[in-house]
Amino acid sequence: MLNFILKRLGQSAVLVLIMSALVFIGMYVVSDPVAVLAGEDFTDEDRAALARELGVDRPLVVQYLSFLGNISKGDFGTSFVYNRPVLELILERLPATLEVAFMAMFIGLVVGIPLGVYSGLNQKKPATKLTSFLTTVGYSVPNFWQGVLLIMLFAVWLQVLPASGRGDTTRLFSADWSLFNLDGLSHMILPALNLAIYTICLQTRLARSGTQEVMYQDYMTFARAKGISRDRLIRRHLVRNILIPIVTITGLQLGALIAFATVTETVFSWPGIGKLLLDSIHSSDRPVVVAYLILITLMFVTINFIVDVLYALLDPRIRYT
Amino acid sequence: MTDNTLIKVENLTIEYPMADGEVFRAIDNFSMYVNRGQIVGVVGESGAGKSTIGKATLGLLDENAIIDTGSVFLEETMVSHLEEHHYAQVRGNRVGYIYQNPMTALNPVLTIGEQIVEAIEANTDLRGSDARNYAIDLLTQAEVPLPEERLDKYPHQLSGGLCQRIVFAIAISAKPDLIIADEPTTALDVTVQKAVLDTLVRLTRQENIAIILITHDMGVVAEMCDHVYVLRHGKLVESGPTEEVLQRPTQSYSRELMAAIPRIDHKIERFAVPGGLGQAGDRERAIAYLMDRKSDAGVEGQPLLQVRNLSKTFQTKATALKSASSFKAVSDVSFDVFPGETLGIVGESGSGKSTIGRMILGLHQPDEGHEIIYRGRNIADLTSRQDKLEHRKSLQCIFQDPYSSLNPRMTAGENITYPLTAHGLLDRSAARQLAGDLMELVGLPRASARKMPHAFSGGERQRIGIARALSFRPDFIFCDEPTSALDVTVQAQLLNLMKDLQDQLGLTLLFVSHDLAVVRQMCDRVMVMKAGEVVEAGPCDKVLVTPDAPYTQGLLDAMPKFSFAAAQ
């Protein structure tokens, strides 16, 4: 087990190294921070001074190596724009993104799996056909458009939910959370729902195809022949067997929800890291972009590791072979 | 019928709608009766509708099945037409069910304990630790060693035989009136099969439980059943007391069925079933093509193939959770095969018999220290492209599974000649010609060479597989359980075909099988294998009649005995 964890850590270190190098080169090619940050009235000398201050006057290789050196000391650098430590900046925004992503995933699983199992068991019912139609629509309609529609419906016409912002927050574990008070929660519902729609559709389809496959397995027929209740048949025999593909996709989805919530955060003016990333790319704030992507890489590696452990818990065949 | 009648199937017709609007009749106007405590056999080949009867009794038919006429009564209850929630009183409680393959009948992600206890709790008043204790008690009765430990195991950690005993324990947990056993031993080795059936009989005799035994194995029927029903294409062919039906069948299909069963006690020239080679006029060209092969096939009295000190060790790699391990599949096997003879290799699954053949064909790399000499040349010395090609053409293979051994995206004809055209040995029109010739040789219509593999039955596909092996004009064919996936009459036809081909072409065969009777009918000499080692070898007349090794004797004793007198 320890061997496995160490191997995974080693792999992720290599991944982070490659990733950071790519981002470094990419940002260097695409834009010049001095040009973005310098004022109209800057002289050439002022520009040179700014470049020295930001550290971008040195060769790219030197910049990269000093960046790696700093990282090993736990220093991710200082934002060009905000002039604050990058890590502090990201951690400040992270809770907002995390809570909305987890909320969306929760909604996706709680709605998607039962809906999928139901559809798989009742293939000919009208409700199943409706579900199938709606999931296709949910897949195909662009995310930002769904967001705009949600705002129109709930904030403009019905006026039951706020359209944007984060609302009141509660201080907990030295971070601000909207989850723990009513006003914050009401602000969270629409963005979470917006993110959840795609997840619901995906989980419904996964659960449905899993159910259709598992229902015709010999062990399902045999379990029915034993005379156990239908409820037990579905809860223990069916659901346990369809969870493996669901766990895989949930892991990937969760990463994607956290990393790429940018569109939703923009539509709902939700102050998460997605919006921070977008702003930083615009202002070529390289330290923020690099640090963000490194954190996201680590997060994906961690999630995948958890998924692997869950596999073994769910399927004894993986555990014992 | 008297009050003693437990199951009454009357004029049952079950249909399945098909894609083209037609209906398929799985069971056609079928009636049968089972008394309390009686063991009744339902026999027939695949597609005969045997399993449908069992499923109708338990309400387990597929959703689209239509019960057109008739019904199944369990005493006073019409069990074929219950609402889903009423089956709770029937399933498990009054009728237990045993599934064909024990490895797939148990849920892979739940423990054995949970799967037994849930059945007990669903059908008895026992709960919690009482149910668990009763589960241990049941496993003990079903002769599962270390029952308490097994409860915490998962199905894949146990052998097929043990899993089937666990399935038995589940089936008898509520002391039902009837057990429906659907091919309960087909997936098991012959020695395991006997012990498992003995257990089933003992368990059911104690409680006077009736059994409907659904099977294609006449030997099992002969040993177990009081009464037998023979089915074909969903229709009853004949029924009666077992002795009567098996020894003096009145219908031609039953006679053919009995005659197709390979016998262990003596070797017969051919099976008394139709269908061997193609018509005499049709096969001449193919025979001429095949006889045209280089005739350095072997010298009489000199071995064609010599194998010395052949071993194979399989290694597994170290993974995150487990260290590396190795498994010796074959250890130190030596033998000779002479031109024109058939050498059989028998053994139970996992004994290494297929691995030997695969090493000779070069599909597995044997361990160091071996020697394989074919036509006087050590195959390790074949280095030039030309030599290797000649060697491979001379050595061919017929595979076990006719469904996966043909390329589904090529026509039958392309499957047969593809290897030759791939080597540039044949142009397109010659390939078409040859494919047609070989199809006719193996008894298939020439024109069907243009059909895709899925349009053929299992037996026909295996004929195509034989035609493909023959296309190389081989001297030596390795037959890896070529008939184990086939019905008994189809098997008999195919074995006839192989005998005829061997007579005509003087082929040398290495014939691997788990079925002693098939080996007895096909082979001149036999090698008995156990756990990678040769237990005994010699002429079939000796080894399969008066064996020296206790293991061979055990295999023979475990075989269900059936010999059809009228076939002689």
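Author: The dialogue below treats the interface, the salt bridges and a surface patch.

Author: This is a predicted model, in which local features need pLDDT of at least 70, side-chain atom pairs count only at pLDDT 80 or more, and totals for chains, interfaces and linings use all residues. Residues are numbered from 1 along each chain as its sequence is written, chains are lettered from A and ligands numbered from 1 in the order in which they are written, and side-chain values use heavy atoms, with hydrogens and water left out.

Reader: How many residues of chain A are in contact with chain B?

Author: Contact means heavy atoms within 4.5 Å. Here 24 residues of chain A touch 30 residues of chain B. Their residues on the chain A side comprise 10 nonpolar, five polar and nine charged; Ala, Val, Leu, Ile, Met, Phe, Trp, Tyr, Cys and Pro count as nonpolar, Asp, Glu, Lys and Arg as charged, and the others, Gly among them, as polar.

Reader: What area is buried between chain A and chain B?

Author: Buried area is the accessible area (1.4 Å probe) that two parts lose on being put together, summed over both. For chain A and chain B the value is about 2,800 Å², with carbon and sulfur atoms giving 58%. F222(A), R224(A) and K226(A) supply 25% of the area that chain A buries against chain B, more than any other three residues.

Reader: How many salt bridges are there between chain A and chain B?

Author: Side chains of opposite charge can pair when their charged atoms come close. A salt bridge is a side-chain nitrogen of Lys or Arg within 4 Å of a carboxyl oxygen of Asp or Glu. Five salt bridges join chain A and chain B, among them R232(A) with E118(B), whose closest N and O atoms are 2.5 Å apart. Over all chains, the structure holds 33.

Reader: Which residues make the nonpolar surface patch?

Author: Such a patch joins nonpolar side chains (Val, Leu, Ile, Met, Phe, Trp, Tyr) within 5 Å, from residues with over 30% relative accessible area (Shrake-Rupley method, 1.4 Å probe) and no salt bridge. This one covers about 1,000 Å², and its members include F144(A), W145(A) and V263(A).

Conventions. Patch = residues over 30% accessible without salt bridge, like charges linked within 9 Å, V, L, I, M, F, W, Y side chains within 5 Å.
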